[in-house]
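Please consider the following protein chain. The paragraphs below the display lead through selected parts of the structure.

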Amino acid sequence: MTTRREQILTTAASLFAERGFHGVSVHDIGAACGISGPALYRHFAGKDAILDHMLVEISETLREGGRRRAAQAGDPKVALDALIDFHIEFALTNPALIVVQEREWPNLDEDARERVRSLQLDYVDTWVGVLRALRPELDQRTARAAAQAAFGLLNSTPHSARISRDQMATLLAEMARRALLS
């Protein structure tokens, strides 16, 4: 069962992705959730807090999920497949969050921006460790660049998913594996 707080975050992500952070008011978010704007303040201090929480939370989810999948895999090849599949599932399930992350970054407060940056670098480093185990010729910087380029591909789904979800997942997985292992 979805909590009111989760409903607010999901709704706000959709509205921010559709209209932009500055094009959405607390009242818009509340109305879309079926509550008054002021009732939203029982859950968040305001629109800025919603954005901050949304992007920190999803960054924590990616970091922890990536770490867990890499650790459970045991083998670097299996770990890479698990990371790719995990990120594809995230991207196909959360296109609004991808749009919000790429477009609304400047609207995060400094503390949230630093927290998100740190969490994202930890997530990238999980990928880097797996890539370097598979491709020892890659130095740290090159492996990081490769991982971040793969994220660009995988995070293109809000703009490129024009085929069925299953077809898109298969296509993205194949493209990411080829790019990262070539």
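Apart from residues up to four places away in sequence, Leu 153 touches Leu 172, Met 175 and Ala 176 in this predicted model. Leu 153 itself belongs to helix H8, which comprises residues 140-154. Its relative accessibility is 23%, so Leu 153 counts as partly exposed, given that this class lies between the 20% limit for buried and the 50% limit for exposed residues. Leu 55 stands 98 residues from Leu 153 along the chain, and the C-alpha atoms of the two are separated by 20 Å.

One of the residues touched by Leu 153 is Met 175, which is located in helix H10, spanning residues 165-181. Met 175 is likewise partly exposed, its relative accessible area being 39%. Together with Ile 163 and Leu 171, Met 175 makes a nonpolar surface patch of about 240 Å².

Thr 157 is part of helix H9, residues 157-160. With a relative accessible area of 5%, Thr 157 is buried. A polar atom of its side chain lies 3.1 Å from the backbone oxygen of Ala 91.

Attention now turns to the annotated region. An unreviewed UniProt entry carries the annotation "domain: HTH tetR-type" for residues 2-62.

Definitions and conventions:
Residues numbered from 1 in each chain as written. Predicted model: local features only at pLDDT ≥ 70, side-chain atom pairs only at ≥ 80, totals over all residues. Heavy atoms only, no water. Patch = residues over 30% accessible without salt bridge, like charges linked within 9 Å, V, L, I, M, F, W, Y side chains within 5 Å. Areas by Shrake-Rupley, 256 points an atom, 1.4 Å probe, with all protein chains shown as cover. Salt bridge = Lys/Arg side-chain N within 4 Å of Asp/Glu carboxyl O. Helix = DSSP H or I, 4+ residues; strand = E, 2+ residues; numbered from the N terminus. Buried < 20%, exposed > 50% of the residue type's maximum accessible area, 1.4 Å probe, protein only. Polar contact = N/O pair within 3.5 Å; in protein donor to acceptor, adjacent residues only side chain to side chain. UniProt positions renumbered as here; feature names shortened; annotations may be inferred. Contact = heavy atoms within 4.5 Å.
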